[in-house]
Protein chains: 2
Amino acid sequence: MASVSHSNDDANEVDVGSQSSSHRQTNNMQYVHKVGVPPKQNLFKEFTTTFKETFLADDPLRPFKDQPKYRRFILGIQTIFPILDWGRSYNFAKFKGDIIAGLTIASLCIPQDIGYAKLANLDPQYGLYSSFVPPLIYAIMGSSRDIAIGPVAVVSLLLGTLLQNEIDPLKNAAEYRRLAFTATFFAGITQATLGVLRLGFLIDFLSHAAVVGFMGGAAITIGLQQLKGLLGIKTFTKKTDIISVMRSVWGTVHHGGKMQRKLFWVPAIAPLISVVLSTLFVFLTHAEKQGVQIVNHIAKGINPPSVHKIFFTGPYLLKGFKIGAVAGMIGLTEAVAIGRTFASMKDYQLDGNKEMVALGAMNIIGSMTSCYIATGSFSRSAVNYMAGCQTAVSNIVMSAVVFLTLEFITPLFKYTPNAILAAIIISAVVGLIDFQAAILIWKIDKFDFIACMGAFFGVVFSSVEIGLLIAVSISFAKILLQVTRPRTAVLGKIPRTNLYRNILQYPEATTVPGVLTVRVDSAIYFSNSNYVKERILRWLMDEEEKVKAACLPRIQFLIVEMSPVTDIDTSGIHAFEELHRSLQKKGVQLVLANPGAVVIDKLHASKFAYLIGEDKIFLTVADAVSSCSPKMVEEEV
Amino acid sequence: MASVSHSNDDANEVDVGSQSSSHRQTNNMQYVHKVGVPPKQNLFKEFTTTFKETFLADDPLRPFKDQPKYRRFILGIQTIFPILDWGRSYNFAKFKGDIIAGLTIASLCIPQDIGYAKLANLDPQYGLYSSFVPPLIYAIMGSSRDIAIGPVAVVSLLLGTLLQNEIDPLKNAAEYRRLAFTATFFAGITQATLGVLRLGFLIDFLSHAAVVGFMGGAAITIGLQQLKGLLGIKTFTKKTDIISVMRSVWGTVHHGGKMQRKLFWVPAIAPLISVVLSTLFVFLTHAEKQGVQIVNHIAKGINPPSVHKIFFTGPYLLKGFKIGAVAGMIGLTEAVAIGRTFASMKDYQLDGNKEMVALGAMNIIGSMTSCYIATGSFSRSAVNYMAGCQTAVSNIVMSAVVFLTLEFITPLFKYTPNAILAAIIISAVVGLIDFQAAILIWKIDKFDFIACMGAFFGVVFSSVEIGLLIAVSISFAKILLQVTRPRTAVLGKIPRTNLYRNILQYPEATTVPGVLTVRVDSAIYFSNSNYVKERILRWLMDEEEKVKAACLPRIQFLIVEMSPVTDIDTSGIHAFEELHRSLQKKGVQLVLANPGAVVIDKLHASKFAYLIGEDKIFLTVADAVSSCSPKMVEEEV
């Protein structure tokens, strides 16, 4: 592939370049290399490579390589049920960590579940149901060691909002519940399908910034809604936007509603203790008769089956599917973000697609056992981690505690005041408002900050769906902007080196008279090919004006530095052909520097390399410059 | 910005690197430069720059710069009506070219217009109307010198298909016409709005490949439909897909329908002559009584006003808007592609957004004067160019000829046989099938070829809308793939240079023991940050396996070459933090080479630069390598 220039007859320009450069002190180019053309791949191999990078990017089949058949079978089973893998090395030391963590998250989850079920407009026991079955399924199928599974605030709110747009939960509670199970079923189907088809990367399109804004907005909304429980307001708005909530609160305050303001400052550091104490207090003082609102009824016993309640036909099928798909995606985003964070902290691998299959299976089974959508909870997973959990067994412990609660203790929750649940939820969601992340986003990327704020204000001032829509739209707009308007830069030579860099980044870099070097910072595709062409011509026009004003030699060579141009398509080739034609009319020679493997391949396939001349393509900008204007370079040095 | 390493106390690694490299023969690094941090821009300036690059990329305000007020006003008027600019230097020499070109395209457009109107299910005169008013408006407002304006085959077919889904053109011709004008009005509004808001880049999302496929498919479909006129079949299918057309043709052939097979081979090189001759022939022989189908009726006189026919209220408003928006976008794509091609051939600038305003205004006025959607025609623009047109005056000449035709000659078209019109249309659309372009696309980019074929088969086997949808979807999928799965490459040192390049492109390049150098070929955004992190870790894992197998020193340094990483966002920074953490656990040091202006800025803003150590960021891979493992490099050399 390499060709030493002295033995290369048709590369005259290169010869001149290397001769001139050999006069220079800072020379390192005794041998001039040509741009390499990668060995031709056959079409099938190219296709399988692309397919693999797209869908099997994390190389999930690696452990299966070079294994006998029966071993592959075992590995396959273990892939679906990781418990069979880690369970074999499970020991008492790990169990000690798991039981403490499990009991801790159970004490946190029980009051949270009761509260979250109300966010989803469901009776309190459905929250507990969702903390019983799903964690068990996840423990068998999931691969995160730290995630705590169960209902979460944001998904509960989103589900509640979307469902009540369709069915009134007060007037038609049975139908509403059926739609909730239908949505849960399809949330599971969506999650599992994305995982099986290995399309998990789709959730990456909800950017970190958008999630921060969305979570913050949801937390504010939930917090405001909880003022209802906390202040004991009866005629509360069903709408979730800040204006109607504030108006409703204000109206109540104004008319002197029944308030337990004293509870507003109760710190929720030990939710279960507060629940027990307050329940005891209400029971003993009969405060419910003085207007303190209480849970009132909570069914005893474990999850009843609900598969017959799912709408598999009729108009609610499609609605349930839509709601489930949206809520399922949000659930996924939350669970995968948590899973990845803790996996990276403890340094173990997590297959996002496998996680999705586990979460999907868990919600599908959940929808058949009276659960609504469960996912990984931020607050409880953090507690789980800090309490020293070792494996998913902590979820099993939690599940067992919830089972005992459902079987024996639930009737005692009758006297639990709603206000204490509200306070617990508020203290849980406050943790979702991540000021520091927002500040960091502002510092790093203003566009990200717009996405973040768009999601935040969308949720706060309109609704969770609108916030979500804004977040996704801004994220997509960013991608489109990226592929439509790539950056370009004029390069200059850094003194005493052979390096050419952006003159805005390196103000000491100097341009070579008669030569304009432009770098294009993106693959050149149909979406930007025209822009790139016009932008390069604009750089040239600007430079020509400057040159004319300063009476310098006119631009004779335009070098396009192609290092960041990772790919080019037919539109891009066309744009270069047009650029070449325009430049020819102006008497400017187009020169390319360092095209990559894919690009050089396509430049040859399209004959563009022959159009401008193969000797006009160089390995480095320095080579290109020295071939363009050897005398000028020498003068400069 | 530059710092000479010998005077730099805290850059120990750099010192070691440069000392070791000074022992080498091929050294050019007597002075080691630090990565430049660009001067801080203020927020407002950053915002205006981004805004300008996005919406004013072609710098339309350049001529207005440094001009007095009244001059700016004149320039403004000239920008809207370019005729005031070029009209002043218009002369007889140019007129000579324009009149010949104008007469030529008029002779081509008259029979085409009559045929195309039938594709849109409109009476023949509406085609002629659309070649009278719109070219005049365009001549005043447009800036392309070569485009020939009027009805075109693909848009006529698309409009006809979309309109007849709503209203039956045979049973309800008046309503159908009203909807056609409504669609034309909104096509104009869409086009003008895109231009005024400078959102013209949106049409770039319909890639060249998709357009080639779409045009080819539309040409096949139109050609097959024209068999109807050519073969004189009466009971022809209204559906445009290939199977129903073939079945219909086959049925007719089978039953021995009335065919004028002799006309099938009439070459359509001189369409008007064939029209005149065949019309005369029919008139003299009264062949229409022997079953030759003729135009029969064509109204005399110029365009009647139609502004009162546009649906500004009612259910057809929205339908008209949707159809108009789609057909308008396709019309734009065609016109802008033609405009750009000829502008680049004659080397003049064409402002795409300004063109859109002109086309939009032309269609808005057209919709009020009984025209349907007009745009630039491929076949007639090419003829216009070859006949030596100089300015848009050729469109005025054509328009004048159409005016005379409408006023005096139309009744004579009564005896024109439909078959000759069909033959003319077929010969016009055959030019739209661009085999060579398709072959080139196959050679250059397989993914583009899929988009091309998707659009082609979508149109041929289903309908124009489906074909369009497929084309746009595949184009978007390509963009998503690009931003989700960027390429990465392992770099090696090209012998006897300081250059590090993709080892697959340069097989002679050698890797440095103990150091893995990976290049990421894309901006790192939320959509790919996770993939990039995992892919880098996978490269490391692969390399570690190889190293272990070959008993080489273990990998101690991972250099990420950042040259092509043009931007990074908060998710990207997070991914790097996680990468850094994972590498630390493995005892591998993360080193960065040549981050660009934006990236280094964000690495500092996020404190990531301090997290890995500022002395771990180098200007080149060579610097990074020599700092990493000075001894190893020396051993190698």
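What percentage of the 637 residues in chain A is buried? The figure is 56%, where buried means that 20 or more other C-beta atoms, placed from the backbone, lie within 10 Å of the residue's own.

Before going on, the sources. This is a predicted model, in which local features need pLDDT of at least 70 and side-chain atom pairs count only at pLDDT 80 or more, while totals for chains, interfaces and linings use all residues. Residues are numbered from 1 along each chain as its sequence is written, and chains are lettered from A in the order in which they are written.

Chain A contains 26 helices and 8 strands; these are DSSP runs, H or I over at least four residues for helices and E over at least two for strands, numbered from the N terminus. Of the contacts in chain A with a separation of 6 or more, 81% join residues 24 or more positions apart, a contact being two C-beta atoms, placed from the backbone, within 7 Å.

Now strand β5(A), residues 515-520. Because 6 of its 6 residues are buried, β5(A) is largely enclosed by the rest of the structure. V515(A), T517(A) and R519(A) point one way, L516(A), V518(A) and V520(A) the other. In a regular strand, side chains alternate between the two faces of the sheet.

Next, its neighbours; strands pair if DSSP finds at least two bridges between them. Strand β3(A), residues 488-493, runs antiparallel to β5(A), with 3 bridges, and V490(A) stands opposite V518(A). Strand β6(A), residues 557-561, is parallel to β5(A) over 5 bridges, and there V560(A) is the bridge partner of V518(A).

Conventions. Buried ≥ 20, exposed ≤ 12 C-beta atoms within 10 Å, placed from the backbone.
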